[in-house]
Amino acid sequence: MTFRELNLTRVLLKNVENQGYTQPTPIQEKTIPLALEGKDVLGCAQTGTGKTAAFALPILQRLMPPPRRGGKRPIRALILTPTRELAQQIYECFLDYGFGTGLEAEVIYGGVKQEPQVMRLKDGVDILIATPGRLNDLIGQGYIDLGRLSIFVLDEADRMLDMGFIHDVKKVITHLPSERQTLFFSATMPKDVEQLAMSILKDPETVKVDPPASTVDSIRQSLYMVDKANKKHLLADILARPEVESALVFVRTKHGCDKVVRDLGKKGIEACGIHGDKSQAARQTALNRFKGGQVKVLVATDIAARGIDISPTSRRPMCTASGARAGRAWTGMPSASAA
Ligand code: AMP
């Protein structure tokens, strides 16, 4: 499928091309036609799947052409997202995807002074990207009116709830017209997220795509069911195998990370650990020693390990992860056919 087949207008096709996108991602392929038709969408997709363009492109198309000059522009689309980083990122995407459309977007979030944001909203904008707290503040002070909104996007709903924003989100919703299109995105669908979705969507179409980081075929995965007490013995046993040149071990907690390093050391397997309580210098040293082959095993908490980039030509690590629940451990290792 091509973007042209999605019936996007010329200006949007050009912007997409300028981004270097040659074809729509699965979430875009599924969401854009529904959103263009004005349907409510329940999208199960994470950041990294191309979901921003999946909602931004149809929003831009539906809001075109922009209103004539003169008078304050009413906010017609709102994108509510949990963090300021995401809000800024989405705003920049709207600038790229909306270039030359004449539509105006703005972003507001907490942690910075509100005056510059209020100033930028003075003449009105077509599209507002916001985090819930700051949005409610500015609504409360009379700077923002959502009474003429036609499209509402709730982004990263599960994270929003995890971060304790449920009341803020519900409060925002009370300010929206009931006649509107709603696009709801969440990486996961636990019960509370589903309930929220059902309370704000009308007859939605569900769209689901695989997370971007789903494992590739060249990774062989194994799951070991093991008693908690035996996990450390099994791990040491696996890592001592001669075919294991290097290994990355993921653990859930910082304390667990230190413990695994100690336990492996007692069994004669040298390991180093990285987690959030270690200084940047200590983390970098550990990483360099691992990458350079001076130490065979790197133990890391999931968060600390994000963004670790290990050249596939220098080392081919095996990964193991201790499951969140006691008694579970899985390993993923490059299969014999891996390059
Ligand atoms: P998102 O999930 O919206 O954060 O997008 C993740 C990354 O995919 C961003 O760097 C986008 O620029 C990029 N992206 C979005 N759509 C496409 C596409 N159709 N083709 C290639 N890259 C894309």
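View 1. For Thr49 it's a polar backbone atom that is 3.1 Å from a ligand oxygen. The protein covers 67% of the 500 Å² of accessible area that the ligand has on its own (areas come from the Shrake-Rupley method with a 1.4 Å probe; for residues, only the protein chains shown count as cover). Residues around the ligand include Phe3, Gln23, Pro24, Gly48, Gly50 and Lys51, where being near means having a heavy atom within 4 Å.

A quick note on what you're looking at: this is a predicted model, in which local features need pLDDT of at least 70 and side-chain atom pairs count only at pLDDT 80 or more, while totals for chains, interfaces and linings use all residues. Residues are numbered from 1 along each chain as its sequence is written, and side-chain values use heavy atoms, with hydrogens and water left out.

View 2. Strands (E, at least two residues) and helices (H or I, at least four) are DSSP runs, numbered from the N terminus. S2 pairs with strand S4 (residues 127–130) in the parallel sense, over 4 bridges; to count as a pair, two strands need at least two DSSP bridges. In S4, Ile129 stands opposite Ile79. Strand S5 (residues 151–154) also runs parallel to S2, joined by 4 bridges, and there Leu80 has Leu154 as its bridge partner.

**View 3. The two sides of helix H9.** Which residues of H9 (residues 191–200) are buried? They are Val193, Leu196, Ala197 and Ile200. Seen down the axis of H9, these buried residues fall within an arc of 100 degrees, so they line one face of the helix; the arc is taken from the directions from the helix axis to the C-beta atoms. Over on the other side, Lys191, Gln195 and Ser199 are exposed. The cover over the buried residues includes strand S1 (41–44), S5 and helix H7 (157–162), with contact meaning heavy atoms within 4.5 Å.

**View 4. Helix H6 and the glycine after it.** Among the buried residues of H6 (residues 132–140) are Pro132, Arg134, Leu135 and Asn136. S2, S4 and helix H5 (115–121) are among the elements covering the buried residues of H6. Next comes Gly142, which follows H6 and has a positive phi, near 80 degrees.

**View 5. Val299 in strand S11.** Val299 is found in strand S11 (residues 297–301), and it counts as buried because its relative accessibility is 0%. Val249 is 50 residues away from Val299 in sequence, yet their C-alpha atoms are 4.6 Å apart in space. Leaving aside neighbours within four places in sequence, the contacts of Val299 include Val249, Val251, Cys257 and Ile274.

Definitions and conventions. Buried means under 20% relative accessible area, exposed over 50%, partly exposed in between (1.4 Å probe, protein chains only). A polar contact is a pair of N or O atoms within 3.5 Å; within protein, one must be able to donate a hydrogen and the other to accept it, and residues adjacent in sequence count only if both atoms are side-chain atoms.
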